[in-house]
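Please look over the sequence and the model before reading on.

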Amino acid sequence: MTGSGLSEEAEAMEPAKMASPKSAPKDAQVMAQILKDMGITEYEPRVINQMLEFTYRYVTTILEDAKIYSSHAKKSNVDADDVRLAIQCRTDQSFTSPPPRDFLLDIARQKNQTPLPLIKPYSGPRLPPDRYCLTAPNYRLKSLQKKVSSSAGRITVPRLSVGAVSSRPSTPTLATPTTPTVQNVLINPSLIGPKNILITTNMVSSQNPPNDSNPLKRKHEDDDDYDNL
Amino acid sequence: MRGRRVAVKSCLPRSGASWVGGGVAVEDQPDVSAVLSAYNQQGDPTLYEEYYSGLKHFIECSLDCHRAELSQLFYPLFVHMYLELVYNQHESEAKSFFERFHGDQECYYQDDLRVLSSLTKKEHMKGNETMLDFRTSKFVLRISRDSYQLLKRHLQEKQNNQIWNIVQEHLYIDIFDGMPRSKQQIDAMVGSLAGEAKREANKAKVFFGLLKEPEFDVPLDDEDEEGENEEGKPKKKKPKKDSGGSKSKKQDPNAPPQNRIPLPELKDSDKLDKVMNMKEAARRVRLGPECLPSICFYTFLNAYQGLTAVDITDDSSMIVGGFADSTVRVWSVTPKKLRSVKTAADLSLIDKESDDVLERIMDEKTASELKILYGHSGPVYGTSFSPDRNYLLSCSEDGTVRLWSLQTFTCLVGYKGHNYPVWDTQFSPYGYYFVSGGHDRVARLWATDHYQPLRIFAGHLADVTCTRFHPNSNYIATGSADRTVRLWDVLNGNCVRIFTGHKGPIHSLAFSPNGRFLATGATDGRVLLWDIGHGLMVGELKGHTDTVYALRFSRDGEILASGSMDNTVRLWDAVKAFEDLETDDFTTATGHINLPENSQDLLLGTYMTKSTPVVHLHFTRRNLLLAAGAYSSQ
């Protein structure tokens, strides 16, 4: 992330004046010009707002840091050196860049010297040692439709809650369930978004298994929980 | 050695004669000079504009035949002088230098110049690894001996030889004996961030031949034949020995030894797969200019520009899509649904001795056409099926490469090594190994049972955007945003070939089935063809108007299919492109051959989709072309 565009803008931002209501505020015009200079011609209008927000936050953080440094050095005013130091510290913290080339060449040379390991025959699935694998998860994705008993025939609106931004709208072609009394509605999953979403790690279920004495133990859904067999 | 030369300079009077002793042959530049060049003031910064315009004047007045070659100096000198000014904090001189001369540069460097225009202070350079690498590496120019003599004489004549100083500092001039190149020839091969490739870089021996396939009998298969045989009479056939590919017992001199790199042994299921492959191959359509393949297009609807990666299995039974919402979706292309293995509880109930145990372990209740795999925390930029269809790889912006099992449809391993977005990944044609390339400018070779990479291929100046294995699994090709394609040896990690010529980041690579040639596609819309053995560009296919994202050779290498963002699939005649190449020792010594202007002759067909950029191409075992892309409504 080059700081150049931002420093240009910092110089260009004068004390606030009222913008005429018809045109965009000066900040926005500057941002649009920066985007144009960097060769970006197609963008949604909200991009300018997002960039401006980022700019304000970044500049504010830098200036606050610079104030701290200058007061630490017992200076009366914030000067360019303080700002430079603040930028450098923040860059190392948030905008990391990939390792430099000589470092990469060095570790490449080291790694490439060891010969390729021989492959043991007949060893089943070739996976790293268990602690480097993800084959022992302590959670399971669970279907929401377990509790449909009282509302059979209702199509549950699928919700996606595991970190995914669903820009893709589910296009339910309203696959009506085959019979209204079927509890587990088998909707064609390719048409509607996923129905198994909810993580059950700490869910206190309404049907507490009576034999679960340890209060610290995670409470699982009891229906098809294979641990309880 | 560099330090000593500086001391000599300071005590001798400034005269042209002082450089006679110091003028070592440019080919012998020590690399140590790079470190010290940062601190060496290359003369008076205010005079840089004069130096540059003086050189410009000289080159423009030179003979036509030399002008094209000498004009190659403009861009690297401009960039290095500008960076020198910025690095030594002469901002205003840098700015006026840029204003004055940036318009003179070639059009294909415009993107670089735009990045440069935003670098106005020394601090800006620190974060930009690509520019730092550019500054410390030597830009390679290939100039004929005559033009070089002309340049050297001019720069050493004048009183003011700062330019000569800078040339020696930052450029590596690879001199060849031969005719000076024309502008057209030069334009075909320049464009990369580090200039062209030195001839020594492409001299190492590359084993581009294929590994021998194991011989085994094609078994009698009455069931199959009966199904096809309409009369219903079983035919008696003698078992045929597999003779395809291994006609002679002698080793192909260009093929690597069988055990050059350790490869997994063939399991029984692999052998069955090979038998199927051979049967399909027997029924394969022979393609050619008169017999073009049919194209079947798989359009991803409602993906809303979220489709970022596609792969299809070798037997064309499954298709996987990686999406910007971090999901990986696997579809079954055949009527057979995707089934996963039963849970542990159910597995304990089945009879392990029964004959169809492999069928019983599969869970029919949850069989479906589509399986969605969750796990990544960023858009998925690359996907790859393993050749035995048991595993799937996906790489993502979150810096990890994940291995998924296609038996249980769960994630098995997350390989962490790149700490930056990983742009592409691919399984080796024999399984077990896979390669990944990302934003940290390296490609890594992994094995599924090692949590750390086995090899690191470092050398590119910018992100590695595309990684592919050679059919014999001994070499890896990487395409990068620095506009070069490099070929790496898996055995020792060395870079054995550097191919320059593209004018934009490379997004697609395809090896020909015989292993001898490589096709590459980039954002400039050109498809370039390379002879791996000789290390030369042997073809240039012009026609696409936008980034070429997909390239694939047909199963026997007769047709090259290319798919692009301009919503078209184009078919090119590969046989004709590779025949009659003048690649004898004389022409290869110069490092380039004359490229014929035959794009139009080689183009066999252009097929337009309505509004769907083509992201992936795949030839089935019978040479039907499958294509995939996401419908984009604008």
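## Where the two chains meet

Three salt bridges are found by the rule across the interface of chain B and chain A. The model is a predicted one. One of these bridges joins the side chains of E123(B) and R84(A), with 3.7 Å from N to O. Several elements of chain B, namely α9, α10, β14, β15, β18 and β19, each supply at least two residues of the side that touches chain A. β15(B) gives the largest share of that side, five residues. Sorted by type, the residues on the side of chain B that touches chain A are 27 nonpolar, 15 polar and 13 charged.

In terms of contact, 55 residues of chain B meet 49 residues of chain A. Between them the two chains bury about 4600 Å², and 62% of this is on carbon and sulfur atoms. Eleven residue pairs are in polar contact between chain B and chain A, counting pairs with both residues at pLDDT 80 or more.

Another salt bridge involves R126(A) and E265(B), whose closest N and O atoms are 3.3 Å apart. R126(A) sits in the loop between α5 and β1 of chain A, and E265(B) in the loop between β4 and α15 of chain B, so this pair joins two chains. R126(A) counts as buried at 12% relative accessibility, whereas E265(B) is partly exposed at 25%.

## The two chains

Chain A has five helices and two strands, in the order α-α-α-α-α-β-β along the sequence. Of its 229 residues, 21% are buried. Chain B has 20 helices and 33 strands, and 55% of its 634 residues are buried.

Contacts between residues at least 6 apart in sequence can be sorted by how far apart the partners are. In chain A, 51% of such contacts join residues at least 24 apart; in chain B the figure is 61%.

Over all chains, the structure holds 42 salt bridges. Side chains of opposite charge can pair when their charged atoms come close.

| Pair | Closest N to O |
|---|---|
| R622(B) and E280(B) | 2.9 Å |

What does the pair of R622(B) and E280(B) tie together? R622(B) is in the loop between β32 and β33, and E280(B) is in helix α15, so the pair ties together parts of chain B that are 342 residues apart in sequence. R622(B) is partly exposed at 35% relative accessibility, while E280(B) is buried at 17%.

D556(B) and R286(B) also link distant parts of the chain, 270 residues apart. D556(B) is in the loop between β28 and β29, and R286(B) in the loop between α15 and β5. D556(B) counts as partly exposed at 36%, and R286(B) as exposed at 54%.

Salt bridges also form a network that links D273(B), D314(B), D315(B), R389(B), R555(B) and R621(B).

## Helices of chain B

Helix α15(B) covers residues 268-282 and has 15 residues. From its first C-alpha to its last it reaches 21 Å, close to the 21 Å expected at 1.5 Å a residue. Its buried residues are D270(B), D273(B), V275(B), K279(B) and E280(B).

Helix α12(B), residues 162-170, is mostly covered, with nine of its nine residues buried. Among them are W164(B), E169(B) and H170(B).

In helix α6(B), residues 74-87, lies E84(B). Is E84(B) buried or exposed? Its relative accessible area is 2%, so E84(B) is buried. The side chain of E84(B) makes a polar contact with that of R135(B) at 3.4 Å.

## Two residues in strands

R444(B) has its place in strand β18 of chain B and is buried at 9% relative accessibility. Its side chain makes a polar contact with the side chain of D440(B) at 3.1 Å. Leaving aside neighbours within four places in sequence, R444(B) is in contact with residues including F434(B), V435(B), R455(B) and I456(B).

F469(B) is in strand β20, residues 464-469, and is buried at 6%. Not counting residues up to four places away in sequence, F469(B) touches residues including F427(B), F434(B), L445(B) and F511(B). The C-alpha atoms of F469(B) and G54(B) are separated by 48 Å, and the two residues are 415 places apart along the chain.

Notes:
Residues numbered from 1 in each chain as written. Chains lettered and ligands numbered in written order. Predicted model: local features only at pLDDT ≥ 70, side-chain atom pairs only at ≥ 80, totals over all residues. Heavy atoms only, no water. Helix = DSSP H or I, 4+ residues; strand = E, 2+ residues; numbered from the N terminus. Buried < 20%, exposed > 50% of the residue type's maximum accessible area, 1.4 Å probe, protein only. Polar contact = N/O pair within 3.5 Å; in protein donor to acceptor, adjacent residues only side chain to side chain. Contact = heavy atoms within 4.5 Å. Buried area = accessible area lost by both parts, 1.4 Å probe. Salt bridge = Lys/Arg side-chain N within 4 Å of Asp/Glu carboxyl O. Nonpolar A, V, L, I, M, F, W, Y, C, P; charged D, E, K, R; others polar. Expected span 1.5 Å × (residues − 1).
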